[in-house]
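Visitor: I would like to go through this model with you. May we look at it together?

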Amino acid sequence: MPVAALFTPVAIGPLRLANRAAVAPMTRTSATDEGLATAQMARYYGDFARGGFGLVICEGTFTDDRMAQGYLNQPGIVTEAQVAAWRAVVDEVHGAGAAVFLQLQHAGAIAQGRPQGGQNVGPSAVQPKGEQLSIYKGSGAWGMPREITSDELGQVVADFAACALRAQEAGFDGVEIHGANGYLLDQLFTSYTNERTDEYGGDIRNRARLDEEVVRAIRLAVGPTYPVGIRLSQSKVNDYDYTWPGGEDDARVVFRLLEAAGASYFHLTEHDITQPVFGSGQTLAGLAKRFSTLPVIANGGLDDPAVAAAAVTGGAADIVALGKPALANPDWPERVRAGKPLDEFDFQLLLPVATLDNAEAWRVARG
Ligand SMILES: Cc1cc2nc3c(=O)[nH]c(=O)nc-3n(C[C@H](O)[C@H](O)[C@H](O)COP(=O)(O)O)c2cc1C
């Protein structure tokens, strides 16, 4: 049976996962106004563990109480109360036998909801492309960001490290740095949003410096073996078609740099992660395998279990992460294992805003 490859154990550092099916991080804007995870969120994350996923990666979580928050009702991991609230989520996922990671996120120039208000920060004063996301209560263009100072970037790095430590204290089995999809770290990494002339701007080595510093600082904070991953992408929530300008060379530089800085895994996401990139004949996840020795999580368009399994058997990934297919089928691994049919994802589940309340209402209405 071809899907059997998904159901073998795999390790990230000292952490052993029961299988290779992970839930991709998904923002649900269902925390309290103070950024506390709720009992509803614990149930939601627990359902994936009960449904057979070996790893649950919790949603992008803000890393400071000034500028990092991107969306109203996003959870944080800044205060002791936020740590305590996450502990209940961790316990529920662990109780059902899965491992659980927390994704750490700074929204930078595309923050669209923050109780503190104020002007967003970005690498440079460059107007973000696209429009705010309506599924997180945004509308219209983003404001012009203010160029973040290098001292403030140092604080961003320290905040990521402090938050990783808090995640460890909350019982998370690992942390994932959100370096993808157009948020602050990716804004530094991206050529057209980064016009800096200091050591954070210019060539790929400089544009990857914030990623490197965040990985290094977290590694120092959490000890030598704690799982610390970083998620990278080409496309963004506000720019679907961006590609890394240096192609395969950029991939070589960034994967080598971040492994050397102390990353324990890479998580690559594309709309369709099975597509070869840069004329290399390999997928972006495959290039992470080629240019590093680390485990690789692949995400994007892996709805078909046979395709997901082929990513593993073909050597392009060690773990597959599912976003929308997991929302449609919180028990995706159990169903796949048993050969049962899968439900198709219905975008209505995320409308008008992508909250857990609306998803529950959608489920009730569907009967
Ligand atoms: C509702 C929703 C929220 C998301 N929030 C995040 C997030 O917080 N962090 C992140 O890295 N990606 C986020 N994503 C992207 C997903 O992790 C994933 O990359 C994307 O859905 C493609 O994978 P799929 O084809 O399996 O759905 C989100 C996607 C959805 C649908």
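This is a predicted model: local features need pLDDT of at least 70, side-chain atom pairs count only at pLDDT 80 or more; totals for chains, interfaces and linings use all residues.

Visitor: What volume does the largest pocket have?

Guide: The largest pocket has a volume of about 1,100 Å³. Of the 40 residues that line this pocket, Met 26, Tyr 136, Asn 181, Val 237 and Lys 324 are the closest to its centre. A pocket, on a 1 Å grid over the protein atoms alone, is an open set of points where a 1.4 Å probe fits, with protein on both sides within 12 Å along at least five of seven lines; lining residues have an atom within 4 Å of a point. Grid points are joined across faces, edges and corners, and the volume is the space filled by probe spheres set on the points.

Visitor: Which elements each supply at least two residues of that lining?

Guide: They are strand S4 (55-62), strand S5 (99-105), strand S12 (319-322) and helix H10 (324-328). H10 provides the largest share, three residues. Helices (H or I, at least four residues) and strands (E, at least two) are DSSP runs, numbered from the N terminus.

Visitor: How many lining residues of the largest pocket are nonpolar, polar and charged?

Guide: The lining has 19 nonpolar, 14 polar and seven charged residues. Here Ala, Val, Leu, Ile, Met, Phe, Trp, Tyr, Cys and Pro count as nonpolar, Asp, Glu, Lys and Arg as charged, and the others, Gly among them, as polar.

Visitor: And how much space lies in the second largest pocket?

Guide: About 240 Å³. This pocket is lined by 14 residues, and the closest to its centre are Tyr 44, Asp 47, Pro 330, Glu 360 and Arg 363. Helix H1 (39-50), H10 and helix H12 (356-366) give two or more residues each to the lining, and H1 gives the most, with five. By class, the lining of the second largest pocket has eight nonpolar, one polar and five charged residues.

Visitor: Turning to S5, is Gln 105 buried or exposed?

Guide: Gln 105, which lies in strand S5, is buried because its relative accessible area is 2%. Buried means under 20% relative accessible area, exposed over 50%, and partly exposed in between (1.4 Å probe, protein chains only).

Visitor: With which side chain does the side chain of Gln 105 make a polar contact?

Guide: With that of Gln 74, at 3.3 Å. A polar contact is a pair of N or O atoms within 3.5 Å; within protein, one must be able to donate a hydrogen and the other to accept it, and residues adjacent in sequence count only if both atoms are side-chain atoms.

Visitor: How many disulfides does a search of the whole structure find?

Guide: The search finds zero disulfides, a disulfide being a pair of cysteine sulfur atoms within 2.5 Å. The sulfur of Cys 58 has its closest cysteine sulfur in Cys 163, 15 Å away, so the two are too far apart for a bond. Cys 58 is buried at 0% relative accessibility, and Cys 163 is also buried at 0%.

Visitor: Now the backbone. Which residues does a cis peptide bond join?

Guide: A cis peptide bond joins Leu 351 and Pro 352, with omega about -5°. Pro 352 lies in the loop between helix H11 (332-338) and H12.

Visitor: What is the phi of Asn 181?

Guide: Asn 181 has a positive phi of about 65° although it is not a glycine. Most residues other than glycine have a negative phi, and most peptide bonds are trans. Asn 181 lies in the loop between strand S8 (174-178) and helix H4 (184-189), and is buried at 16% relative accessible area.

Visitor: And Phe 278, where does it lie?

Guide: Phe 278 lies in the loop between strand S10 (265-269) and helix H8 (284-291). Phe 278 has a positive phi of about 55° and is partly exposed, with a relative accessible area of 26%.

Technical notes
Residues are numbered from 1 along each chain as its sequence is written. Side-chain values use heavy atoms; hydrogens and water are left out.
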